[in-house]
Amino acid sequence: MSKPAIAKGTRDFLPSEVIKRNYIFDHIKEVFKTYAYLPIETPAIELLQTLTGKYGDEGDKLLFKILNNGDYLAKANPEALANKNSNAMLSSISKRGLRYDLTVPLARYVSMHQNDIQFPFKRYAIQPVWRADRPQKGRYQEFYQCDADMVGSDSLMYESELLQILDTVYSRLNLDVVIKLNNRKILQGIAEVTGQSDNFIGVTVAIDKLDKIGRDKVAIELTNLGMNDNAASTILDLIEIHDIDLIATKLSDSETGMLGVSEMKEVMDYMSDYTLNNKIEFDFTLARGLSYYTGCIIEVVADTETYPDLKMGSLSGGGRYADLTSMFGLKDMSGVGVSFGAERIYDVMEECNLFPESVTKSIDIFFVSFDTESHRYAYKQVSALRGMGVSADLYPDAAKMKKQMKYAHGTGAPFVAIIGSDEVEANVIAVKEMTTGDQGNYSLSQLVEKLKL
RNA sequence: GUAGUUGUAGCUCAGUUGGUUAGAGCGCCGGUUUGUGGUUCCGGAGGCCGUGGGUUCGAGACCCACCUUCUACCCCA
């Protein structure tokens, strides 16, 4: 017999953990529905041709590939096999892989079903994704993403809508966050006015590290790109601005930059009547893996003022991608979306004790009994309660009271019903409140009243 | 992919310069007060010491390889 183990980067969940995870999923789903996003599902398995090349070279390495069925080596590229060249052999032994995120499957879905859906298409999906990454704090190989995306409109109303979704979900979870906002066009504007348009990617990669490695080291990275100290410090001065009007005065020479500014202003204008529960701030250092974002960029982190000791990456991310579906042959489909990292939200809520007490309650009442006759009586009471929507359970036989009570305690039930010959005779239910130890007799209907309170 | 780190009972971990039969706490099971848990006392079960190889009279301990855990980097939720 082999020792039980599970694959690295994956986890089992205890009932109490699943209940708490569902608490998060339910709140997110509820808000998605309120904002009129519709659910879709896509398979865990996608064709590798769908997945590869969408996440950059790094992403391709992190894709889980599925070996072809049958005698796959017999059909492998003989040259690659002889040379032990895994990369060259891959296409001949693996056609499929596990999805890496929910956005690329969405693009595939929209392209395939463009005749069956109407645009703007608003969909949400809460499904697991897989990445062959090195596991770390808050990083797993299998984790859930909760995405809401809109495809098929340029309107900045949707940016505003998604910001409200973020704000609503986190306030309902009672988790204080800071919503950070940027626009890739503003980043481009900064590169333009400092004469670094050719270095755009390098510049954004460098400035994205600002809060991690500090101003001096970013300045070194910038000068390494070939610009002089002056340009580097101008860039640093610009990105450290947090005021949209101030940045506007600096970017007046860049058409793209000014477009970014006006987009941001319009988004905020849509928000003007909405009362935010969380902080929202402009952060021009925000770059977020530039793979497909073209406009607004959003990132959510836990508020360090409320949780000073917390160390956790971003909890949500999102943004506008002007042309996601063209890789699948559908042109001119602008989209915008946000994604909730449920695992990290769970970890933060656990660490900061943010799950309400009531979430952990699994059942309403547990029954124990003293002998065969009272056991049968108890079972009838349990059935009746279940019929009325009360979550009730009964120990399967009249074992020793200590053993039954211990099990009852372990269920987490707030009340335990104790049934012996006295109760059967009087046709009552003796109910003990576990936290206080108080005990009293109730009729079935009285008990239902008590439990429904 | 790079660097470090970890692996001993179900869980958390001790285990001396290599030396008889590998320990503790918690948990689990049983008994103890005959209608009451979390919180009495007593007893018991449970270990290929990550896997494979090597050094040695002798390895949980030393060496090599692989696997695994956690962490930082890269990248990302």
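Q: Which residues of helix α5 are buried?
A: A residue is called buried when its relative accessible area is under 20%, exposed when over 50%, and partly exposed in between, using a 1.4 Å probe and protein chains only. In helix α5, which spans residues 86–93, the buried residues are M89, S92 and I93. They share the same side of α5, because they cover an arc of only 85 degrees around the axis, the arc being that of the directions from the helix axis to the C-beta atoms. N87 and S91, on the other side of α5, are exposed.

Q: Before we go on, what kind of model is this, and how are the labels assigned?
A: This is a predicted model, in which local features need pLDDT of at least 70 and side-chain atom pairs count only at pLDDT 80 or more, while totals for chains, interfaces and linings use all residues. Residues are numbered from 1 along each chain as its sequence is written, chains are lettered from A and ligands numbered from 1 in the order in which they are written, and side-chain values use heavy atoms, leaving out hydrogens and water. Helices (H or I, at least four residues) and strands (E, at least two) are DSSP runs numbered from the N terminus.

Q: What covers the buried residues of α5?
A: Contact means heavy atoms within 4.5 Å. The cover of the buried residues of α5 includes β3 (65–66) and α4 (78–82).

Q: In which order do the strands of the sheet with β3 lie?
A: Two strands count as paired if DSSP finds at least two bridges between them. Here three strands form an open sheet with antiparallel pairing, in the order β2-β4-β3. β2 (45–47) and β3 stand at the edges with a single partner strand each, so one side of each has no neighbour in the sheet. Two bridges link β3 to β4 (residues 96–98) in the antiparallel sense, and K65 stands opposite G97 in β4.

Q: Which strands pair with β12?
A: β12 runs parallel to β13 (residues 392–394), to which three bridges join it, and it pairs with β14 (residues 415–419) in the parallel sense over five bridges. F367 has L394 as its bridge partner in β13, and F367 also stands opposite A417 in β14. Together with helix α16 (residues 372–387), β12 and β13 make a right-handed β-α-β unit; right-handed here means that, with the strands pointing away from the viewer, the path from the first strand over the helix to the second runs clockwise.

Q: At what angle do helices α1 and α7 pack?
A: Axes are lines fitted to C-alpha atoms, for helices over the stretch in contact, and angles run from 0 to 180 degrees between N-to-C directions. Helix α1 (residues 15–34) and helix α7 (residues 157–172) pack at about 145 degrees, with their axes 10 Å apart. The contact is made by Y23, H27, I28, E30, V31 and F32 of α1 and by I165, T168, V169 and R172 of α7.

Q: Is T168 buried or exposed?
A: T168, which lies in helix α7, counts as buried because its relative accessibility is 12%. Leaving aside neighbours within four places in sequence, T168 is in contact with V31, Y35 and Y274.
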